[in-house]
Amino acid sequence: VAHGGILCTILDEVMAWAVIGRDTWGVTARMTVDFKRPVSVGRPLRAAGTVTDVSRRLLRTEGRIADAATGEVLATSTGTYVAAPPERLAELKARYRLRSAEDRSDAPVPVDA
(Lines give C-alpha, C1' and ligand atoms only; values in the text may rest on other atoms or scores of the structure.)
Protein backbone atom coordinates (compact mmCIF):
# COMPACT_ATOMS: atom_id res chain seq x y z
CA VAL A 1 0.00 0.00 0.00
CA ALA A 2 1.35 3.42 -0.95
CA HIS A 3 2.37 5.77 1.85
CA GLY A 4 -0.10 8.63 2.42
CA GLY A 5 2.71 11.19 2.22
CA ILE A 6 3.40 10.15 -1.38
CA LEU A 7 -0.28 10.60 -2.23
CA CYS A 8 -0.22 14.05 -0.58
CA THR A 9 2.77 14.99 -2.72
CA ILE A 10 0.98 13.92 -5.90
CA LEU A 11 -2.12 15.90 -4.92
CA ASP A 12 -0.07 19.00 -4.07
CA GLU A 13 1.68 18.75 -7.44
CA VAL A 14 -1.48 18.49 -9.55
CA MET A 15 -3.14 21.35 -7.67
CA ALA A 16 0.00 23.51 -7.97
CA TRP A 17 0.14 22.84 -11.72
CA ALA A 18 -3.51 23.87 -11.97
CA VAL A 19 -2.44 27.19 -10.41
CA ILE A 20 0.44 27.49 -12.91
CA GLY A 21 -2.08 26.76 -15.66
CA ARG A 22 -3.78 30.02 -14.62
CA ASP A 23 -0.56 31.83 -15.59
CA THR A 24 0.58 32.39 -12.04
CA TRP A 25 2.74 30.66 -9.47
CA GLY A 26 1.79 29.97 -5.90
CA VAL A 27 2.91 28.37 -2.68
CA THR A 28 0.78 25.99 -0.68
CA ALA A 29 -0.80 27.73 2.31
CA ARG A 30 -3.22 25.00 3.33
CA MET A 31 -4.07 21.51 2.17
CA THR A 32 -6.49 18.85 3.38
CA VAL A 33 -6.61 15.27 2.18
CA ASP A 34 -9.28 12.60 2.47
CA PHE A 35 -8.07 9.05 1.90
CA LYS A 36 -10.95 7.01 0.47
CA ARG A 37 -9.35 3.63 -0.24
CA PRO A 38 -5.91 2.03 0.09
CA VAL A 39 -3.73 2.65 -2.96
CA SER A 40 -1.96 -0.47 -4.20
CA VAL A 41 1.63 -0.02 -5.34
CA GLY A 42 2.22 -0.94 -8.98
CA ARG A 43 -1.25 0.03 -10.26
CA PRO A 44 -1.59 2.92 -12.72
CA LEU A 45 -3.17 6.03 -11.21
CA ARG A 46 -4.71 9.15 -12.66
CA ALA A 47 -4.37 12.43 -10.74
CA ALA A 48 -6.03 15.73 -11.59
CA GLY A 49 -6.15 19.19 -10.06
CA THR A 50 -8.36 22.21 -10.73
CA VAL A 51 -8.65 25.78 -9.53
CA THR A 52 -12.10 26.29 -8.02
CA ASP A 53 -11.95 29.91 -6.82
CA VAL A 54 -9.69 32.95 -7.13
CA SER A 55 -9.78 35.98 -4.84
CA ARG A 56 -7.00 38.55 -4.78
CA ARG A 57 -3.84 36.51 -4.31
CA LEU A 58 -5.55 33.34 -3.01
CA LEU A 59 -6.40 30.42 -5.27
CA ARG A 60 -8.50 27.54 -3.99
CA THR A 61 -8.04 24.16 -5.58
CA GLU A 62 -9.29 20.60 -5.61
CA GLY A 63 -7.41 17.44 -6.47
CA ARG A 64 -8.13 13.77 -6.79
CA ILE A 65 -6.34 10.50 -7.36
CA ALA A 66 -8.21 7.67 -9.05
CA ASP A 67 -7.43 4.15 -10.16
CA ALA A 68 -6.65 4.56 -13.87
CA ALA A 69 -8.31 1.27 -14.83
CA THR A 70 -11.52 1.47 -12.81
CA GLY A 71 -11.93 5.21 -12.21
CA GLU A 72 -12.48 4.56 -8.50
CA VAL A 73 -11.55 7.67 -6.49
CA LEU A 74 -8.85 6.79 -3.98
CA ALA A 75 -8.01 10.19 -2.43
CA THR A 76 -9.28 13.76 -2.69
CA SER A 77 -7.90 17.08 -1.53
CA THR A 78 -8.53 20.79 -1.28
CA GLY A 79 -5.85 23.43 -1.15
CA THR A 80 -5.25 27.13 -0.81
CA TYR A 81 -2.31 28.67 -2.68
CA VAL A 82 -0.92 32.18 -2.30
CA ALA A 83 -0.01 33.65 -5.68
CA ALA A 84 3.42 35.16 -6.18
CA PRO A 85 3.51 38.95 -6.53
CA PRO A 86 3.98 40.16 -10.14
CA GLU A 87 7.70 40.91 -9.83
CA ARG A 88 8.42 37.47 -8.32
CA LEU A 89 6.26 35.80 -10.97
CA ALA A 90 8.35 37.42 -13.70
CA GLU A 91 11.55 36.11 -12.04
CA LEU A 92 10.14 32.59 -11.78
CA LYS A 93 8.94 32.55 -15.39
CA ALA A 94 12.37 33.70 -16.59
CA ARG A 95 14.22 31.18 -14.41
CA TYR A 96 12.10 28.20 -15.40
CA ARG A 97 11.24 29.44 -18.91
CA LEU A 98 7.54 28.98 -18.25
CA ARG A 99 5.15 30.13 -20.95
CA SER A 100 1.44 29.62 -21.24
CA ALA A 101 0.28 27.15 -23.89
CA GLU A 102 -1.16 30.05 -25.88
CA ASP A 103 2.31 31.64 -26.03
CA ARG A 104 3.95 28.50 -27.41
CA SER A 105 3.99 27.60 -31.05
CA ASP A 106 5.59 24.25 -30.17
CA ALA A 107 3.07 23.34 -27.45
CA PRO A 108 2.20 19.64 -27.48
CA VAL A 109 -1.36 18.61 -28.12
CA PRO A 110 -2.90 17.38 -24.83
CA VAL A 111 -3.62 13.66 -24.78
CA ASP A 112 -6.06 12.13 -22.32
CA ALA A 113 -4.48 8.87 -21.22
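**Close-up views of a predicted model**

View 1. Asp67 is part of strand S3, which spans residues 58-67; strands (E, at least two residues) and helices (H or I, at least four) are DSSP runs numbered from the N terminus. The model is predicted: local features need pLDDT of at least 70 and side-chain atom pairs pLDDT 80 or more, while totals for chains, interfaces and linings use all residues. Residues are numbered from 1 along each chain as its sequence is written, and side-chain values use heavy atoms, with hydrogens and water left out. Asp67 counts as buried because its relative accessibility is 10% (buried is under 20% relative accessible area, exposed over 50%, partly exposed in between, with a 1.4 Å probe and protein chains only). Its side chain reaches the backbone nitrogen of Ala69 at 2.8 Å. Leaving aside residues up to four places away in sequence, Asp67 touches Arg43, Pro44, Leu45, Glu72 and Leu74 (contact means heavy atoms within 4.5 Å).

**View 2. The aromatic pair.** The count is one aromatic pair (Phe, Tyr or six-membered Trp rings with centres within 6.5 Å; planes under 30 degrees apart are stacked, over 60 edge-to-face, the rest tilted). The ring centres of Trp25 and Tyr96 are 5.5 Å apart and the planes lie at 20°, so the pair is stacked. Trp25 is partly exposed at 22% relative accessibility, and Tyr96 is partly exposed at 46%.

**View 3. The largest nonpolar core.** Eight residues form this core: Met15, Ala16, Ala18, Val19, Val51, Leu59, Tyr81 and Ala83 (a nonpolar core is a set of buried Ala, Val, Leu, Ile, Met, Phe, Trp, Tyr and Cys residues joined through side-chain atoms within 4.5 Å). H1 supplies the largest share, four residues.

Conventions. A polar contact is a pair of N or O atoms within 3.5 Å; within protein, one must be able to donate a hydrogen and the other to accept it, and residues adjacent in sequence count only if both atoms are side-chain atoms.
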